[in-house]
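Thanks for coming. Please have a look at it before I start.

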Amino acid sequence: MLNVNIGDVVMSTKGRDLNNLYIVYGIKKDYAFLVDGRGKTILNPKKKKFKHFTLTGQNVEALKEKFLANEKVLDSEIRKTISNLNII
């Protein structure tokens, strides 16, 4: 099982969203709730099993702190953060 934390950047390895980048918004048992600010927003996160994505090794501390403090996070912030990541 992956050691997944809120704010981690992950890449989908299965499904129609193969190779898409997401940020972990929440965790519940065997699932992570993922957001990308486009199709999967804060109001409608993607529920995905741990075995269907991999960690990229990056964590977005600024968003993690906002998620944990229940502060308002805009989808545009998430989009901008993902677009600025240097992941090949």
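I begin with the strands E2 and E3, which run antiparallel and are joined by five bridges. Before going further, a word on terms: helices (H or I, at least four residues) and strands (E, at least two) are DSSP runs, numbered from the N terminus. Two strands pair if DSSP finds at least two bridges between them.

Two notes on the source. This is a predicted model, where local features need pLDDT of at least 70, side-chain atom pairs count only at pLDDT 80 or more, and totals for chains, interfaces and linings use all residues. Residues are numbered from 1 along each chain as its sequence is written, and side-chain values use heavy atoms, with hydrogens and water left out.

Back to E2 and E3. Lys28 has Tyr31 in E3 as its bridge partner. The hairpin of these strands has two residues between them, and there Lys29 takes a positive phi near 50°. Lys29 is a residue other than glycine, and at 72% relative accessibility Lys29 counts as exposed. For that scale, buried means under 20% relative accessible area, exposed means over 50%, and partly exposed is in between, with a 1.4 Å probe and protein chains only.

On to the neighbours. E3 and E4 also run antiparallel, joined by four bridges, and Ala32 has Lys48 in E4 as its bridge partner. Strand E1, residues 8–12, pairs with strand E2, residues 21–28, in the antiparallel sense over three bridges. Across that pairing, Met11 stands opposite Leu21 in E2.

What order do the five strands of the open sheet take? The order is E4-E3-E2-E1-E5, with antiparallel pairing. At the edges are strand E4 (46–49) and strand E5 (53–59), each of which pairs on one side only. From one strand to the next, the twist averages 45°. Angles here run from 0 to 180 degrees between N-to-C directions, and the axes are lines fitted to C-alpha atoms, for helices over the stretch in contact.

Now the helices. Helix H1, residues 61–68, lies across E2, strand E3 (31–35) and E5, and runs at about 30° to E2. Helix H2, residues 75–83, lies across E2 and E3, and runs at about 125° to E2. Contact in this setting means heavy atoms within 4.5 Å. In the loop between H1 and H2 we find Asn70. Asn70 has a positive phi of about 55° although it is not a glycine, and at 72% relative accessibility Asn70 counts as exposed.

Next, the aromatic rings. Rings of Phe, Tyr and Trp (its six-membered ring) pair if their centres lie within 6.5 Å; planes under 30 degrees apart count as stacked, over 60 as edge-to-face and the rest as tilted. How many aromatic pairs does this rule give? The count comes to two. One is Tyr25 with Phe67, edge-to-face, at 4.9 Å centre to centre and 85° between the planes. Tyr25 lies in strand E2 and Phe67 in helix H1, so this pair ties together parts that are 42 residues apart in sequence. Tyr25 is partly exposed, with a relative accessible area of 29%, whereas Phe67 is buried at 9%. Phe50 and Phe53 also form an edge-to-face pair, at 6.0 Å centre to centre and 80° between the planes. Both Phe50 and Phe53 are buried.

The charged end of Lys47 sits over the ring of Tyr31, 4.4 Å from its centre. The rule asks for NZ of Lys or CZ of Arg within 6 Å of the ring centre and within 35 degrees of the ring normal.

Last, the salt bridges. A salt bridge is a side-chain nitrogen of Lys or Arg within 4 Å of a carboxyl oxygen of Asp or Glu, and a search of the whole structure finds two. Asp17 forms one with Lys48, the closest N and O atoms being 3.1 Å apart. Why does this pair tie together parts that are 31 residues apart in sequence? Because Asp17 lies in the loop between E1 and E2, and Lys48 in strand E4. Both Asp17 and Lys48 are buried.

Glu77 forms a salt bridge with Lys66, with the closest N and O atoms 2.8 Å apart. This pair links distant parts of the chain, Glu77 in helix H2 and Lys66 in helix H1, 11 residues apart. Glu77 counts as partly exposed at 24% relative accessibility, and Lys66 is partly exposed at 23%.
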